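Let's take a friendly walk through this protein, with the structure open beside the text. We will look at a cavity and then at a helix.

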Amino acid sequence: MKMKLYPLQFEPILKDRIWGGTKLKTYLNKPITSEITGESWEISTVENDVSIIANGIYKGQSLNEFIDSNPAAVLGTKVHSQFGNQFPLLFKFLDAREDLSIQVHPNDELAKSRHNSFGKTEMWYVMQADTDANLIVGFRNKSSKEAYLESLKSNTILEILDTFKVQKGDVFFLETGTVHAIGAGTVIAEIQQTSDITYRIYDFNRKDAQGNERELHVDLALDAINYDVVDSKKDYLQKENSANNVVDCKYFTTNFIPLKGTMNFEANEATFRVYMCVEGSFELYYNDETFEYKTGDTILIPAQMQDFEVSGKASVLEIYIS
């Protein structure tokens, strides 16, 4: 029996964080109930955090169950051949009321040997930024293990890291090994490999509600860090009603679509596609049905879903594996 395919949405997996706030509710309409919600995991198959379908006839089914029922139809022929039944990406929205810790992610090889996990290449799209909001990305000058350890010992690590003042629409592509931190006053759309491996190396000496400092992973980070200067900020075109390429790497491709009016999208059986609405609203027309989306919505298009049309005024990130 052939699967009935349609655009899928998922129940958000909400995460309280010491640095979180309330913008995921006020700005993105997420159903948060605390004052420190830092993350909304939109599509995830991380162990113990597997997304549940929120709409249509498969409502209540986990993403893993849905994939297992027909992997090639959901993931795509190319993705399935490369990853089996694994969904290889993780999609999030983040609200940083305070600075996140300074951290680094291991590459595939290191993550596999230490944690039996994928590495964590990721990108950030800045959806909203308060005045003077900053991100930390990489070193100002070429560094070393010795300089890194000395800066932690002397509490001067912020002096050797590169800081960028950011605004809405800025994009940063973070290869594994890049030391980084999301700064206070930003809302971020994050696209990454399916991995929850993070090495925290500095946390501003802050304490949680119980008076405890969070665990640091200074030694684990030593061999994970890229001590060279990196060029992570991405410039991209913003041509209306076009898929403007922003990031193209072996893990994912991301396009920026400034939608104004109507666009048609053709089926691509090689890969699933994900659309994150980062501003505005639009309607999607498929099989005589109309689906409505707004800022903060994330949609999974199964690979064997046929051609569809969208209409509206919105800024949309399109993500797939090429």
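## What counts as a cavity

A cavity is a set of grid points where a 1.4 Å probe fits but cannot get out, and its lining residues have an atom within 4 Å of a point. Keep in mind that this is a predicted model.

## The cavity and its lining

Searching the whole structure turns up 1 cavity of 30 Å³ or more. The volume of the largest cavity is about 110 Å³.

Who surrounds this space? The lining of the largest cavity is made of 13 residues, and F265, Y275, F282, V310 and V316 are the ones that lie nearest its centre. Four strands, β16 (253-265), β17 (273-286), β19 (298-301) and β20 (308-320), each give at least two residues to the lining. The largest share, 4 residues, belongs to β16. In terms of class, the lining has 13 nonpolar residues, with no polar and no charged ones.

Now turn to helix α6, which covers residues 145-153 and has Y148, S151 and L152 as its buried residues. Looking down the axis of α6, you would find these buried residues within an arc of 100 degrees, so they line one face of the helix.

What do the buried residues of α6 pack against? Their partners are α7 (157-160), β13 (199-202) and α8 (218-222). On the other side of α6, E146 and K153 are exposed. Just after the helix comes N155, with a positive phi of about 60 degrees.

Key
Residues are numbered from 1 along each chain as its sequence is written. This is a predicted model: local features need pLDDT of at least 70, side-chain atom pairs count only at pLDDT 80 or more; totals for chains, interfaces and linings use all residues. Side-chain values use heavy atoms; hydrogens and water are left out. Buried means under 20% relative accessible area, exposed over 50%, partly exposed in between (1.4 Å probe, protein chains only). The arc is that of the directions from the helix axis to the C-beta atoms. Contact means heavy atoms within 4.5 Å. On a 1 Å grid over the protein atoms alone, a cavity is a set of points where a 1.4 Å probe fits but cannot get out, and a pocket is an open set with protein on both sides within 12 Å along at least five of seven lines; lining residues have an atom within 4 Å of a point. Grid points are joined across faces, edges and corners, and a volume is the space filled by probe spheres set on the points. Ala, Val, Leu, Ile, Met, Phe, Trp, Tyr, Cys and Pro count as nonpolar, Asp, Glu, Lys and Arg as charged, and the others, Gly among them, as polar.
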